[in-house]
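Colleague: I have not looked at this one before. Can you walk me through a few spots in it?

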Amino acid sequence: MSSSTVITNIATLVTNDPSSGWGDSPLGLIHDAAVVIDGDRVAWTGESSKAPATDNRVDAGGRAVLPGFVDSHSHLVFAGDRTQEFNARMSGRSYTAGGIRTTVAATRAASDAELEANLTHYLAEALRQGTTTFETKSGYGLTVEDESRALRIAARHTEEVTYLGAHIVSPDLADDPAAYVALVTGEMLDACAPHARWIDVFCEKGAFDGDQARAVLTAGKAKGLHPRIHANQLSYGPGVQLAVELDAASADHCTHLTDADVDALASGRTVATLLPGAEFSTRAQWPDARRLLDAGVTVALSTDCNPGSSFTSSVPFCIALAVRDMGMTPDEAVWSATAGGAAALRRDDIGRLTPGARADLTLLDAPSHVHLAYRPGVPLVAGVWRRGARVV
């Protein structure tokens with residue numbers, strides 16, 4: 001039998017339901033609030049003085065509670081690191097797509113146990129920082145065997161698994177990109193589709209062009225995988241338009257956008273997932289979140305945690321970057337890292353704290369969610385519940 005718990009004496013509760021809060025914030029803020037958990041679900045939210053009786057009681061001590069972060073873009077099945085590459089880049093070398101090959105070599109050489117140990121290490125790290133849902137991808141094997149084993153390992157830890165055989169052209173077929181695309185859309189897809197929900201492609205100079213990306217994503221759709229796409233990160237290109245055309249759940253990066261790209265995103269269901277850790281770690285141009293939000297585009301914020309271009313698992317850090325350097329308000333950034341991430345995964349059971357939602361909560365050692373941007377770099381997460389159980 002499930003037991004019920006009330007978390008009371010919450011200074012600020014972020015529900016992400018504007019109808020249940022006060023003011024004009026998209027966060028649906030409730031002050032002096034309580035939330036009731038019954039089993040793995042949220043059963044009630046409201047003012048502390050009106051909370052119903054429960055089996056258990058937790059005193060939040062005048063601190064803030066918000067939905068667990070939804071990290072909808074990460075690359076966590078890998079081995080090795082790229083410290084030397086980062087050091088060189090910070091010393092003046094520019095970032096290109098080719099550095100992925102270093103991680104491919106290390107990942108192929110690693111055992112299943114080593115890959116899983118690395119994955120769980122970074123998942124635990126993210127959980128301590130409030131992330132309760134994460135998506136992760138293959139993409140560092142680039143052979144049928146290595147891509148499928150990466151997805152099998154990932155699927156033991158999350159429902160949100162993405163097949164990214166089309167990360168770069170495999171070094172084994174560097175001189176024959178067409179043959180690699182045929183492999184990704186044929187034998188490799190057959191082996192990987194049973195273990196994944198999503199299919200992704202890096203549509204960029206040095207990776208895959210628009211025609212190749214279309215072939216990859218349409219083949220995945222035919223196998224029941226829904227598209228996502230790395231789009232317009234390093235340069236202008238066809239990725240965003242292709243994402244909207246194919247009803248991709250998200251177009252990720254979205255750094256270099258034309259007015260037509262912004263209009264396309266505003267008119268479709270595709271979420272623009274912004275990944276400020278990548279710009280921070282490569283000293284690249286920041287995405288213009290303000291431009292997207294003002295156009296009515298749904299925006300998500302995620303870490304892009306990977307060993308090459310964004311080696312952070314901290315959503316709070318990305319929130320602070322988005323507020324400081326991408327034109328987002330604190331409320332918008334928190335929404336994008338919770339409800340926005342859920343939208344990028346086409347989920348309505350996470351990213352909000354309303355009756356019926358999954359009981360994924362983050363307790364901050366601060367009275368307001370604004371402290372996530374106000375106090376950058378400070379470990380503010382004081383508690384985490386996932387599926388109704390306290391795990392931090």
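Colleague: Is F78 buried or exposed?
Modeller: This is a predicted model. In it F78 has a relative accessible area of 1%, so F78 counts as buried, the cut-off being under 20%.

Colleague: How many aromatic pairs does a search of the whole structure find?
Modeller: The search gives 6 aromatic pairs. One of them joins F78 and Y140: the ring centres are 6.4 Å apart and the planes stand at 75 degrees, so this pair is edge-to-face.

Colleague: Which residues do ring pairs link into a cluster?
Modeller: The cluster consists of F78, Y122, Y140 and F311.

Colleague: What about F280 and F317, how do their rings sit?
Modeller: Their centres are 5.1 Å apart and the planes are at 90 degrees, so that pair is edge-to-face. F280 belongs to helix 10 (residues 276-282) and F317 to helix 12 (residues 315-325), so the pair ties together parts 37 residues apart in sequence. F280 is partly exposed, at 43% relative accessibility, and F317 is partly exposed at 27%.

Colleague: Changing topic. What sits over the ring of W198?
Modeller: The charged end of R228 does, 4.4 Å from the ring centre.

Colleague: Where is E204, and what is the nearest side chain of opposite charge?
Modeller: E204 is in the loop between strand 8 (198-203) and helix 7 (210-222). The nearest side chain of opposite charge is K205, 6.4 Å away. E204 is buried and has no salt bridge.

Colleague: What is E204 in contact with, leaving aside neighbours within four places in sequence?
Modeller: With those left aside, E204 is in contact with N232, Q233, L234 and S235.

Colleague: How many bridges do strand 2 and strand 3 pair over?
Modeller: Strand 2 (residues 29-38) pairs with strand 3 over 6 bridges, in the antiparallel sense. V35 has T45 in strand 3 as its bridge partner.

Key: Residues are numbered from 1 along each chain as its sequence is written. This is a predicted model: local features need pLDDT of at least 70, side-chain atom pairs count only at pLDDT 80 or more; totals for chains, interfaces and linings use all residues. Side-chain values use heavy atoms; hydrogens and water are left out. Two strands pair if DSSP finds at least two bridges between them. Helices (H or I, at least four residues) and strands (E, at least two) are DSSP runs, numbered from the N terminus. Rings of Phe, Tyr and Trp (its six-membered ring) pair if their centres lie within 6.5 Å; planes under 30 degrees apart count as stacked, over 60 as edge-to-face and the rest as tilted. Buried means under 20% relative accessible area, exposed over 50%, partly exposed in between (1.4 Å probe, protein chains only). A charge sits over a ring if NZ of Lys or CZ of Arg is within 6 Å of the ring centre and within 35 degrees of the ring normal. Lys and Arg count as positive and Asp and Glu as negative; His and the chain ends are not counted. A salt bridge is a side-chain nitrogen of Lys or Arg within 4 Å of a carboxyl oxygen of Asp or Glu. Contact means heavy atoms within 4.5 Å.
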